[in-house]
Amino acid sequence: MRCELVRAAQLPTIHKLRVLARNQQLIRVDSEQSLEPCAAEFATLFARIVPGADAVVLSDYAKGTLASAREIIAAARAVGVPVLVDPKGSDFRRYRGAYALTPNRSEFEARSEEHTSELQSRGL
C-alpha cells in the first residue's frame with residue numbers, strides 16, 4: 001500500500017465535532033468543503049504513481065476527490081492495472097472501465113430499481 005498526501009492551501013482542514021454525554025456520542029457535526037477543486041491535482045498524481053501498482057481501489061465518499069474518476073480509471077487501464085470501485089450514489093456510469101464495482105446493498109437496489117423502471121416504461 002502506498003499513501004500520498006496532497007496539500008491544498010485553498011481548502012481548510014476538515015473538522016469533526018463529536019458531542020458526547022455519559023460516554024455516548026449523541027451527534028457529530030462536520031465542517032468541510034468539497035475537495036473537487038483538487039480533483040485534477042489528484043488525477044495528475046495518480047497518473048504518475050499508478051504504473052507501480054498491482055491494483056487500485058477507489059472508494060468514493062462523494063467529497064469531490066473522484067470528480068475525475070473516468071480519467072483515473074483510464075490512466076490505470078492504460079498501464080494494465082485493474083481498478084475496483086466502492087461507488088457512491090446511483091450513477092455508476094462515471095466508473096465505466098473499472099474492473100469491478102462493489103456497491104452496498106442500498107446503492108445496488110437503487111440502481112436496479114432505476115433500470116427496472118426504465119425497462120418497464122419501454123415495455124420490456
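The legends below describe close-up views of a predicted model.

**View 1. The hairpin of β1 and β2.** Strands β1 (15-21) and β2 (24-31) pair in the antiparallel sense, with seven bridges between them. Two residues separate the strands in this hairpin, and Arg 22 in the turn has a positive phi of about 55°. Across the pairing, Lys 16 stands opposite Asp 30 of β2.

**View 2. Salt bridges around Asp 30.** Side chains of opposite charge can pair when their charged atoms come close. The side chains of Lys 16 and Asp 30 form a salt bridge, 3.4 Å from N to O. Lys 16 belongs to strand β1 and Asp 30 to strand β2, so this pair ties together parts that are 14 residues apart in sequence. Lys 16 is partly exposed at a relative accessible area of 40%. Arg 28 is likewise partly exposed, with 40%, and Asp 30 is partly exposed with 30%.

**View 3. A salt bridge between two loops.** Glu 32 and Lys 63 meet through their side chains in a salt bridge of 2.4 Å, N to O. Glu 32 lies in the loop between β2 and α1, and Lys 63 in the loop between β3 and α2, so the pair ties together parts that are 31 residues apart in sequence. Glu 32 counts as partly exposed at 31% relative accessibility, and Lys 63 is partly exposed with a relative accessible area of 34%. Elsewhere, salt bridges with shared partners join Lys 16, Arg 28 and Asp 30 into one network. The whole structure holds three salt bridges.

View 4. Leu 17, Val 19, Leu 26, Ile 27 and Val 29 make a nonpolar surface patch of about 440 Å². Two elements, β1 and β2, each give two or more residues to the patch. The largest share, three residues, comes from β2. Leu 26 is placed in strand β2. This residue is exposed, its relative accessible area being 59%.

View 5. Ala 39, Ala 43, Leu 45 and Phe 46 are the buried residues of α1. Viewed down the helix axis, the buried residues fall within an arc of 165°, so they line one face of α1. The face turned away from this buried side carries the exposed residues Ala 40, Thr 44 and Arg 48. The buried residues of α1 pack against β3 and α2 (69-78).

View 6. Ala 43 is located in helix α1 (residues 39-49). Ala 43 counts as buried because its relative accessibility is 15%, and buried means under 20%. Leaving aside residues up to four places away in sequence, Ala 43 touches Ser 68 and Ile 72. Between Ala 43 and Val 57 there are 14 residues in sequence and 14 Å in space, C-alpha to C-alpha.

**View 7. The parallel sheet.** Strands of a sheet pair through backbone hydrogen bonds, either parallel or antiparallel. Here three strands form an open sheet with parallel pairing, in the order β3-β4-β5. Strands β3 (56-59) and β5 (100-101) are at the edges, each pairing on one side only. Four bridges connect β3 with the parallel strand β4 (residues 83-86). Val 85 in β4 is the bridge partner of Leu 58.

Note on methods:
Residues numbered from 1 in each chain as written. Predicted model: local features only at pLDDT ≥ 70, side-chain atom pairs only at ≥ 80, totals over all residues. Heavy atoms only, no water. Buried < 20%, exposed > 50% of the residue type's maximum accessible area, 1.4 Å probe, protein only. Contact = heavy atoms within 4.5 Å. Pairing = 2+ DSSP bridges. Arc of directions from axis to C-beta. Patch = residues over 30% accessible without salt bridge, like charges linked within 9 Å, V, L, I, M, F, W, Y side chains within 5 Å. Areas by Shrake-Rupley, 256 points an atom, 1.4 Å probe, with all protein chains shown as cover. Salt bridge = Lys/Arg side-chain N within 4 Å of Asp/Glu carboxyl O.
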